[in-house]
Amino acid sequence: MAKSRHVNHLKEDDSEALVAKLLPNEWVIRKLHPDYGVDVSIEVFEGQGQQFPTMGEFLFVQLKSTTSLNSGVEPIKSRQNVEKVLDTQDGIAEHELDVIRFVVDTDTIDNARLMGPSTPLMLFVCDLSVGEVYFVCLTDYYDKIIEPRGIDLSGQKTITLLVPAANKLTDPRSVQVMR
C-alpha cells in the first residue's frame with residue numbers, strides 16, 4: 001500500500017495556515033521539529049514606517065485543532081490571594097464566563113510548568129469549522145488555576161481546560177493581549 005497522509009496531518013496544516021492568516025503579517029511563525037509539546041514559536045515584530053524591527057518577544061504555542069467545540073458557561077467565584085491561600089472554590093459566584101472546554105494531556109500542562117513564567121507557552125485551539133482560534137496562556141493557567149486549587153495531575157492523563165470564549169485571534173485586541 002502506498003504511503004498516505006492522515007487527516008490529522010491535514011488538520012495540522014490547516015491550523016498553522018489559520019494562525020498565520022489571523023496574526024499580524026510582520027510576526028514570524030516558525031514550525032518546530034521535532035515537536036515535543038511546542039508546535040511553533042512566534043517572534044513579534046512591530047512596524048515603524050517601512051521597517052519592522054523585532055521586539056525581542058517570543059511566544060511558544062501548542063496548536064490543537066477541532067471541528068466541534070464544547071462551549072459552556074462557567075461561574076466565576078470570589079477568591080483570596082492565590083499566592084497565600086489554597087483556592088478552594090467555595091466562594092460565591094460573582095460572574096459567569098463563556099468558555100470553551102478543551103481536553104489536553106497533562107504532559108502539555110507539565111511542559112508549561114517546567115518552562116516557567118518567563119517563557120509563555122500558549123494553547124491555540126483552532127476551530128476549523130468556523131475559522132476561529134481561541135487562546136490561553138498555559139503557563140498562567142498552571143500558576144493561577146491548577147496549582148492554587150491543589151489539582152494533582154500525577155494521577156491523570158488529561159485535564160479539561162476552560163478557555164475564555166472571548167480570547168480569540170479575530171478580536172483586534174488579541175495582538176495586544178499576547179504581547
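I call a residue buried when its relative accessible area is under 20%, exposed when it is over 50%, and partly exposed in between, with a 1.4 Å probe and protein chains only. The model is predicted, so I take local features only at pLDDT of at least 70 and side-chain atom pairs only at pLDDT 80 or more, while totals for chains, interfaces and linings use all residues. Residues are numbered from 1 along each chain as its sequence is written, and side-chain values use heavy atoms, with hydrogens and water left out.

**Entry: T106.** I looked up T106 in helix α2 (helices are DSSP runs of H or I of at least four residues, strands are runs of E of at least two, numbered from the N terminus). T106 counts as buried because its relative accessibility is 9%. A polar atom of the T106 side chain lies 3.0 Å from the backbone oxygen of Q156. Beyond its neighbours within four places in sequence, T106 is in contact (heavy atoms within 4.5 Å) with L153, Q156, K157, T158 and I159.

**Entry: the pockets.** I took a pocket as an open set of points on a 1 Å grid over the protein atoms alone, where a 1.4 Å probe fits, with protein on both sides within 12 Å along at least five of seven lines, and lining residues as those with an atom within 4 Å of a point. The largest pocket has a volume of about 620 Å³, the volume being the space filled by probe spheres set on the points. Its lining has 25 residues, with V136, Y141, I145, L162 and P164 nearest the centre, and divides into 17 nonpolar, three polar and five charged. The second largest pocket holds about 240 Å³; among the residues that line it are N8, H9, D35 and K64. Its lining takes its largest share, five residues, from α1, and divides into one nonpolar, five polar and five charged.

Terms used:
Nonpolar A, V, L, I, M, F, W, Y, C, P; charged D, E, K, R; others polar. Polar contact = N/O pair within 3.5 Å; in protein donor to acceptor, adjacent residues only side chain to side chain.
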